[in-house]
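Open the model in your viewer and keep the sequence beside it. Each stop below tells you what to select and what you will find there.

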Amino acid sequence: MVVLLLVLAAGLVAMGCVRADQVRRWRRSLSPSAPEVPDSAFVVARVALFGMAGIGVFSAFQFMAVVADAEWSDDELSHAVGQATEELNGTSRFGDIYGEDSGFDEEFATMIEDEVVENGGGGAPQSGVDAGAAPLNKPSSADYTVQAAGADAAFCVHVVRTRSKGGDYEPPGIAGNPGAVTVPIYDFAVTSRKGEC
């Protein structure tokens, strides 16, 4: 798209640089009985052609800026993953009361993606981050390869999930009786390193 806009702008400039007497000769050869074109028409045409070329160049640079804002740089991703790792390390979350851990991978991958985007800074995009779970992940220990659109770098985020029985929540039962459900809580130790998992 950028190349097309720049080529179009170059073509418009080339058209604007054609001399008036050359255009008059072409016109006479194609239509000898056509009336003469005044010099003022050539001035107006040149202004219009150069103006459109300027708009094309401006649009090309605007498009490049939009593309740059929609992609991550390696430095942005590195900084964001480092900050996300620090913020997720040492956190705790409630688990499933039924002990079903099938959604752990997807849930934690989403948490990593959200944290990376949040820590990307003002110049980084607000999307385009993917935390791909390793195929052999377990609820107690999992790896995620973090990549982002536009960045060549990848980072491996390692998560260790430990049950913290002292933090379990036991909601009260009916009429003040002891509850029959225990909501488990888990602590997370999170580290990261450069490279895929």
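**Stop one: around helix 5**

Helices (H or I, at least four residues) and strands (E, at least two) are DSSP runs, numbered from the N terminus. Contact means heavy atoms within 4.5 Å. Buried means under 20% relative accessible area, exposed means over 50%, and partly exposed is in between (1.4 Å probe, protein chains only).

This is a predicted model: local features need pLDDT of at least 70, side-chain atom pairs count only at pLDDT 80 or more, and totals for chains, interfaces and linings use all residues. Residues are numbered from 1 along each chain as its sequence is written, and side-chain values use heavy atoms, with hydrogens and water left out.

Now colour the buried residues of helix 5: Phe104, Phe108, Ala109, Met111, Ile112, Glu113, Glu115, Val116 and Val117. An α-helix has 3.6 residues a turn, so residues three or four places apart point the same way.

How far apart are the end C-alpha atoms of helix 5? They are 21 Å apart, which agrees with the 21 Å that the 15 residues (104-118) should span at 1.5 Å a residue. The expected span is 1.5 Å times one less than the number of residues.

Step along to Asn119, in the loop between helix 5 and strand 2. Is Asn119 buried or exposed? At 12% relative accessibility, Asn119 counts as buried. Leave out residues up to four places away in sequence, and Asn119 touches His79, Ala80, Gln83, Ala84 and Glu87.

Next, pick Gly82, which lies in helix 4. Its relative accessibility is 27%, so Gly82 counts as partly exposed. Gly82 and Ser192 are 110 residues apart in sequence, yet 7.2 Å apart in space, C-alpha to C-alpha.

**Stop three: the disulfide**

Show the cysteines. A disulfide is a covalent bond between the sulfur atoms of two cysteines. Here the term is used for a pair of cysteine sulfur atoms within 2.5 Å. The structure holds one. Which residues form the disulfide? Cys156 and Cys197 do, with sulfur atoms 2.0 Å apart. Cys156 lies in strand 4 (155-163) and Cys197 in the segment after strand 5 (185-194), so the pair ties together parts 41 residues apart in sequence. The link of Cys156 and Cys197 is right-handed, with 110° about the S-S bond.

Compare the two ends. Cys156 is buried, at 5% relative accessibility. Cys197 is partly exposed, at 40%. Select Cys17 as well: at 52%, Cys17 counts as exposed.

**Stop four: a cavity**

Select Arg24, Arg27, Arg28, Ser31, Ala34, Pro35, Glu36 and Val37, which line the largest cavity. On a 1 Å grid over the protein atoms alone, a cavity is a set of points where a 1.4 Å probe fits but cannot get out; lining residues have an atom within 4 Å of a point. The volume of the largest cavity is about 50 Å³. Volume is the space filled by probe spheres set on the points, which are joined across faces, edges and corners.

**Last stop: the whole chain**

Zoom out. The protein chain has five helices and five strands, in the order α-α-α-α-β-α-β-β-β-β. Of its 197 residues, 29% are buried.

Technical notes. 1 Å grid on protein atoms, 1.4 Å probe; cavity = no way out; pocket = protein on both sides within 12 Å on 5 of 7 lines; lining within 4 Å.
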